[in-house]
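Trainee: I've got a two-chain model open and I'd like to learn how to read it. Could you walk me through some of its features?

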Amino acid sequence: MSNRSLAGAIGVLAAGALLVSAQLVAQSSDSEIPRTAAGKPNFQGHWSSATVTPLQRPQELADKEFFTPEEFAEYEAGRLVVTETEANTAGDVHYQLVDFGLDRSQNDRAVNLRTSIITAPADGRIPSTTPEAQAIAAERRAYSQEHAYDSASNRPLAERCITWGHNGAPMTPVGYNSNNQIIQTGDHLVFVQEMMQEPRIIPLDGRDRISAEIPQWFGSSRGHWEGDTIVVETTNYTGLTNRNITPTGKVTERFTMTGPDTVLYQFTVDDPKVWTSTWSGEYSMSRTEGPMFEYACHEGNYGLPNILSGIRAEEAAGLR
Amino acid sequence: MNRQVGSRFVAGHPPYAKLRCGLMLSVVALSIACQPQEAVVDSGQQAAAQAASTAGPANGAIARTAAGVPQLDGVWQAMSSANWDLEPHAARQGASEVLGAIAAVPPGLGVVEGGRIPYLPDALEQRDQNFANRRTEDPEAKCFRPGIPRATYMPQPFQIFQTDSEIFIAYQYAISSRSIYMQDHIDAPVDSWMGWSNGRWEGDTLVVEVTGLNGQTWLDRAGNFASANARVTERYTPEGQNHMWYEATIDDPTVFERPWTLSLMLHRVMDQPNPELLEFKCVEFAEELMYGHLSKAAVQSEGGTGNE
């Protein structure tokens, strides 16, 4: 067994132990939830949203909303197999997440017996898009076919280190580094996702929304308490990110502690310009250890200039 | 710089009201500076009650946490010309003539104790070279995280979120952020753009030891810099509810003859009842500068591959 496989095996074993502890945590009672001096649930800390549950329900599970615990264990084990990469190759350095990142097999994970993160519509899948949204998407695809490599600003947002598809509301888990930090004060909740690391600053003080004339990549959020749940409404989207939520769209999120080490995260996306119905989802985050390291994506972005430079070289050689 | 820095605030509770009057002598607001409401009350409860009653534009007594330390939460911004040039400087042409007077450098009295940064000879040469190349090489032009202390005096606001275990600061510029750990101090696990911050209270002053900086940041738009060996000690001292005196001492024997200190005032942003940070994700504004030479249009007009 190579050192690499050994590390992977230990990671999986550790994950197995964590799974057991997560199950115990899920059964703990409400009274153990940490609270602030003001009596509110205290969300502060580091939270893993790592999961094997897909955002949309796979076609083969179309009629099955939940796994049994036994089925889930088998499903999860199958999804946590660490892909080996060839040693001393670029792929080895960039994609071997067990050694060079935090693979989800190594992350703390909350148990989720759902077969998809999406809970509504009932088929567990993102609803169909409107004709208007389809026309915009087609236009973008056509432009991209011709101009995808013309300049940096023509490249995808993630490649440019602007946003990943999982960023902002609704926040979704990613394949690796699904780590998050919450800072909570009397009048604010700050939510930081490791990947891209833009702090989502969520005022809880009932202030007015910012002008609709200010679209932002992550939108603009306002939160309030409903009992022990923090409800966050986000607007001011650009319509330009992977999720395409438009400036008139709205996402509602609910953060609820279901135990001292578990946060239930629920969301509803409401944007009639893009989708024929609203869609909702939920998953749990599991308390994990900090700190979260700096994610300086743009500062270390060697990929983008290399891609452009490679394309220009191909063009010069008459290969394109 | 006519202020004496580095010695005005020492451990323990300073004779606060007296210091404020002394400070304000150097500007013009003596009569305002010495009003009774400027006095700092040491009793946590009394101070909190006062803070509640003086919320708003008045520069009243500082708010305190339940633990009795100053509560720094809010949106702050430096008004100094420090980000243009830490040292005393006259107005001058900007790094690019294209924008005319818009890009010109406003003059500044300087924020460095003793006026000049005490560079070692080789480092001074490097600084001058940085200055000559500042249009393209200033990390700010590239939208890189600003590092510490520069993040504090970027010409954009930042917001402090204070909890007992950590003080989190979000900076509008480049949507950067950092945690100042108030408990469980450890050494920097790895170098980073924003460094590793361990904080503690000395009386009413938040003292932050910053290490683990990666040495790739600059200190201003004039090419001043420190290396990855730098150890930065920051001191945040509230002066009333709406001002905070900021000092940063930079100790880096590979770049400077001796440790030196910069200092400036931070102002609470009060233009709206509830100010907030907006998104300044500047990557898209830096792409033409950084990658423009690799665009199809640029290469076609130059007849090369962009890789020369």
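Mentor: Let's go feature by feature, with the general idea ahead of each case.

Mentor: This is a predicted model, where local features need pLDDT of at least 70, side-chain atom pairs count only at pLDDT 80 or more, and totals for chains, interfaces and linings use all residues. Residues are numbered from 1 along each chain as its sequence is written, while chains are lettered from A and ligands numbered from 1 in the order in which they are written.

Trainee: How many helices and strands does chain B have, and how are they assigned?

Mentor: Helices (H or I, at least four residues) and strands (E, at least two) are DSSP runs, numbered from the N terminus. On that basis chain B comes to seven helices and nine strands.

Trainee: What do the strands of chain B build?

Mentor: Start with pairing: two strands pair if DSSP finds at least two bridges between them. In chain B the order β1-β2-β3-β4-β5-β6-β7-β8-β9 makes a closed barrel of nine strands with mixed pairing. Neighbouring strands of this sheet are turned by 30 degrees against each other on average, direction ignored; for such angles, axes are lines fitted to C-alpha atoms (for helices over the stretch in contact), and angles run from 0 to 180 degrees between N-to-C directions.

Trainee: Which way does β4(B) run against β3(B), and which way against β5(B)?

Mentor: β3(B), residues 166-171, pairs with β4(B) in the antiparallel sense over six bridges, and B:Tyr171 has B:Ser176 as its bridge partner. Their hairpin has four residues between the strands, and B:Ala174 there takes a positive phi near 60 degrees. On the β5(B) side, two bridges join β4(B) to residues 196-202, and the two strands run parallel. There, B:Ile180 stands opposite B:Ser197.

Trainee: Is β4(B) enclosed or open?

Mentor: Burial is a neighbour count: a residue is buried if 20 or more other C-beta atoms lie within 10 Å of its own, exposed if 12 or fewer, and partly exposed in between, with C-beta atoms placed from the backbone. Five of the six residues of β4(B) (176-181) are buried, so this strand is largely enclosed by the rest of the structure. Across the 308 residues of chain B, 39% count as buried.

Trainee: Which residues does B:Trp76 contact beyond its sequence neighbours?

Mentor: Two residues are in contact if their C-beta atoms, placed from the backbone, lie within 7 Å. Leaving aside neighbours within four places in sequence, the contacts of B:Trp76 include B:Pro157, B:Phe158, B:Met244 and B:Leu266. By contrast, B:Glu202 and B:Glu287 are 85 residues apart in sequence and 43 Å apart in space, C-alpha to C-alpha.

Trainee: How do I check a helix such as α5(A)?

Mentor: The expected span of a helix is 1.5 Å times one less than its number of residues. For the 17 residues of α5(A), 131-147, that should be 24 Å, and the end C-alpha atoms are 24 Å apart, which agrees.

Trainee: Where do the chains meet, and which element of chain A gives the most?

Mentor: In general, the size of an interface is often given as the accessible area lost when the parts come together. Here we have contacts: 37 residues of chain A touch 35 residues of chain B. On the chain A side, α6(A) gives the most, with seven residues. That side divides into 21 nonpolar, eight polar and eight charged residues (Ala, Val, Leu, Ile, Met, Phe, Trp, Tyr, Cys and Pro count as nonpolar, Asp, Glu, Lys and Arg as charged, and the others, Gly among them, as polar).
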